[in-house]
Amino acid sequence: MVLAGGQSRRYGSPKARTRLAGVTLLERALAILHAAGLETGVIANRADDLPAGHSRAAVPVRPDLTPGAGPLGGLHAALAWARERGDAGVFLLGCDLPLVPPSLVARLVTWFDAARPTVPASPGPLGIEPLCACYPVSLAATVEDWLAAGRFGMGKFVRAHDPVVVARDELASVAGAEDAFLNVNTPIDRDRAADLLSLQAGPD
């Protein structure tokens, strides 16, 4: 599932509609999951969160079940959707992580645990990246309890549930892993991501 909501306060406009190398961040996130061999869906609350012309028929979209709860609310909706489908869990990817290699997603899926979140270690302030991670449907009721109690911290939720943390050296062999968790929060971040994509592509 791609998380395509959020307030985008620092960015100034819906990030899912932002174009990077000619492709919207939402389209790029969907392509990453598809290339990793996963079926895809989108969690988004408003039409403004989606690029103009996005086809809900081609890629299904659902809103948060608890609006205003941030990424944990998105996880709640994603797990409820997975449970309806009879899936064991979901891979959650924030649309503002455009440099995640599909092979890194596929690697993380192999670590999937039926009882705990599976998250990669990250150089970011949390030390983990909860918006590029696997979550089992067994956590659905616990997420609901946290939201009902007004607890919305995604990182705190993951840390509280004995996560499988995939160390950075386990992912180091994946091409592009060193830049995978660049988060596009501002136009400056977008430009940095565009520069890195250009370097990855190499000369024509």
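How many aromatic pairs does the count come to? The points below take up this matter and two others in the predicted model.

1. Aromatic pair. The count comes to one aromatic pair. The ring centres of W146 and F157 lie 5.2 Å apart and their planes stand at 85°, so this pair is edge-to-face; planes over 60 degrees apart are assigned to that class. The two partners belong to distant parts of the chain, W146 being in helix α4 and F157 in helix α5 (residues 154-159), eleven residues apart.

2. Packing of α2 and α4. Helix α4 (residues 140-148) also packs with helix α2 (residues 70-85), at an angle of about 145° and with 9 Å between the axes. The crossing in which α2 passes α4 is left-handed. On the α2 side, the contact is made by L72, G73, L75, H76, L79 and R83, and on the α4 side by A140, V143, E144, W146 and L147. W146 therefore takes part both in this contact and in the edge-to-face pair. Sorted by class, the contact has seven nonpolar, two polar and two charged residues.

3. Second largest pocket. The volume of the second largest pocket is about 330 Å³. This pocket is lined by 17 residues, of which L38, E39, G89, V90 and F91 are the closest to its centre. Both α2 and β6 (89-94) supply at least two residues each to the lining, and the largest share, three residues, comes from β6. In terms of class, the lining has ten nonpolar, four polar and three charged residues.

Technical notes. Residues are numbered from 1 along each chain as its sequence is written. This is a predicted model: local features need pLDDT of at least 70, side-chain atom pairs count only at pLDDT 80 or more; totals for chains, interfaces and linings use all residues. Side-chain values use heavy atoms; hydrogens and water are left out. Axes are lines fitted to C-alpha atoms, for helices over the stretch in contact, and angles run from 0 to 180 degrees between N-to-C directions. Helices (H or I, at least four residues) and strands (E, at least two) are DSSP runs, numbered from the N terminus. A crossing is left-handed if the near helix is turned anticlockwise from the far one by less than a right angle, and right-handed if clockwise. Contact means heavy atoms within 4.5 Å. Ala, Val, Leu, Ile, Met, Phe, Trp, Tyr, Cys and Pro count as nonpolar, Asp, Glu, Lys and Arg as charged, and the others, Gly among them, as polar. On a 1 Å grid over the protein atoms alone, a cavity is a set of points where a 1.4 Å probe fits but cannot get out, and a pocket is an open set with protein on both sides within 12 Å along at least five of seven lines; lining residues have an atom within 4 Å of a point. Grid points are joined across faces, edges and corners, and a volume is the space filled by probe spheres set on the points. Rings of Phe, Tyr and Trp (its six-membered ring) pair if their centres lie within 6.5 Å; planes under 30 degrees apart count as stacked, over 60 as edge-to-face and the rest as tilted.
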